[in-house]
Amino acid sequence: MAVQQCLVLIKPDGLVKSLTGNIISALSETKLKIVGAKIVSVKRELAEVHYSDLKKQKPQVFESVLKYIQGDFHTNRVLALVYQGENAIKKIREIAGSTNPEDADPTSIRGKYGRINSKTGVFENVIHASDSEDNAKREIQLWFSPEELTETIYPIKKQEKTQEVRIWA
Ligand code: ADP
């Protein structure tokens, strides 16, 4: 089995419930390597692109899911992580559990900590994990720039940057 990457998001409910440590501990059982990590305040544009497939597949929940990942129900923070190693996607998704927390294995992350919000109907399942190599590549390139990762996992190109940046005053 080849080395894979997988984007993991600890969603706003995971952060609000102080589950970051528990989730990272559970994932450490995979012995995979973390090659990127950052806290992100999710804007609508990022959420829309991240969940672009969901718009077609599950239009009935799309708007609520966008609100959920942007933090409208919890906090506007997500912890984004990139894991790397053999068979990373299957290993992580097994520990994460099924999308619906009521169907998830009770010992999985979603089984333990997830819930269905009775007001919105959203599966608040505390974690996102890429489900294929193609999606992992698309998602990692969406959430991270090459210099934010400790390894060059996809081809890069160089470009002059003239954009204004913020620095400490
Ligand atoms: P996964 O996150 O397991 O890859 P999807 O990509 O299908 O699953 O869905 C993205 C997210 O949207 C889910 O993690 C969950 O938070 C929410 N979601 C998906 N399907 C439903 C549904 N039928 N009802 C409520 N929320 C849903």
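This is a predicted model: local features need pLDDT of at least 70, side-chain atom pairs count only at pLDDT 80 or more; totals for chains, interfaces and linings use all residues.
Beyond the residues up to four places away in sequence, Trp143 touches Leu7, Leu9, Lys38, Val40, Val42, Leu46, His50, Val78, Ala80 and Glu148. Display these side chains together with Trp143.

Trp143 and Leu27 are the residues with the most contacts inside the largest nonpolar core, which has 44 residues. Strand S3, residues 78-86, supplies the largest share of this core, with six residues. In soluble globular proteins, nonpolar side chains tend to be buried together.

**The whole chain**

Eight helices and six strands make up the secondary structure, and along the sequence they follow the pattern β-α-α-β-α-α-α-β-α-α-β-β-β-α. Taken along the principal axes, the C-alpha atoms fill a box of roughly 50 × 35 × 35 Å. The chain has a radius of gyration of 16 Å, which agrees with the value near 15 Å that a compact globule of 169 residues would have.

Colour the residues by accessibility at this stage. Buried residues account for 43% of the 169 residues in the chain. The accessible surface comes to about 10200 Å², and carbon and sulfur atoms hold 49% of it. Of the contacts with a separation of 6 or more, 74% are between residues 24 or more positions apart.

**The ligand**

Select the ligand and the residues around it. Which of the 14 surrounding residues are the closest to the ligand? They are Lys11, Lys58, Thr99, Phe123 and Asn125.

The side chain of Lys58 has an N or O atom 2.9 Å from an oxygen atom of the ligand. For Arg110, a polar side-chain atom lies 3.0 Å from a ligand oxygen atom. Phe123 takes part through its backbone, where a polar atom is 2.8 Å from an oxygen atom of the ligand. The ligand taken alone exposes 540 Å², and the protein buries 86% of that area.

**The loop between S4 and S5**

Move to Asn117, in the loop between strand S4 (115-116) and strand S5 (123-124). Is Asn117 buried or exposed? Asn117 counts as buried because its relative accessibility is 11%, under the 20% limit.

Show the side chain of Asn117 and follow its polar contacts. One is with the side chain of Glu124, at 2.8 Å. The side chain of Asn117 also reaches the backbone nitrogen of Thr120, at 3.1 Å. Leaving aside neighbours within four places in sequence, Asn117 is in contact with Val122 and Glu124.

**Helix H4**

Select helix H4, residues 52-57, which contains Ser52. Ser52 is partly exposed, with a relative accessible area of 28%. A polar atom of the Ser52 side chain lies 3.1 Å from the backbone oxygen of Val49.

Leu54 is buried, with a relative accessible area of 14%. Its contacts, apart from neighbours within four places in sequence, are with Pro59, Phe62 and Val65.

Continue to Thr75, in the loop between helix H5 (59-70) and S3. Thr75 is buried, with a relative accessible area of 14%. Beyond neighbours within four places in sequence, Thr75 is in contact with Pro12, Leu15 and Val16.

Then select Ser18, in the loop between helix H1 (12-16) and helix H2 (20-28). Ser18 has a positive phi of about 55°, although it is not a glycine. Its relative accessible area is 57%, so Ser18 is exposed.

Finish at Asn87, in the loop between S3 and helix H6 (88-96). Asn87, a residue other than glycine, has a positive phi near 55°. With 22% relative accessibility, Asn87 counts as partly exposed.

Technical notes. Residues are numbered from 1 along each chain as its sequence is written. Side-chain values use heavy atoms; hydrogens and water are left out. A nonpolar core is a set of buried Ala, Val, Leu, Ile, Met, Phe, Trp, Tyr and Cys residues joined through side-chain atoms within 4.5 Å. Buried means under 20% relative accessible area, exposed over 50%, partly exposed in between (1.4 Å probe, protein chains only). Helices (H or I, at least four residues) and strands (E, at least two) are DSSP runs, numbered from the N terminus. Contact means heavy atoms within 4.5 Å. A polar contact is a pair of N or O atoms within 3.5 Å; within protein, one must be able to donate a hydrogen and the other to accept it, and residues adjacent in sequence count only if both atoms are side-chain atoms. A residue is near a molecule or strand if one of its heavy atoms lies within 4 Å of it. Accessible areas come from the Shrake-Rupley method with a 1.4 Å probe; for residues, only the protein chains shown count as cover. The radius of gyration is taken over C-alpha atoms; the globule rule is 2.2 Å times the number of residues to the power 0.38.
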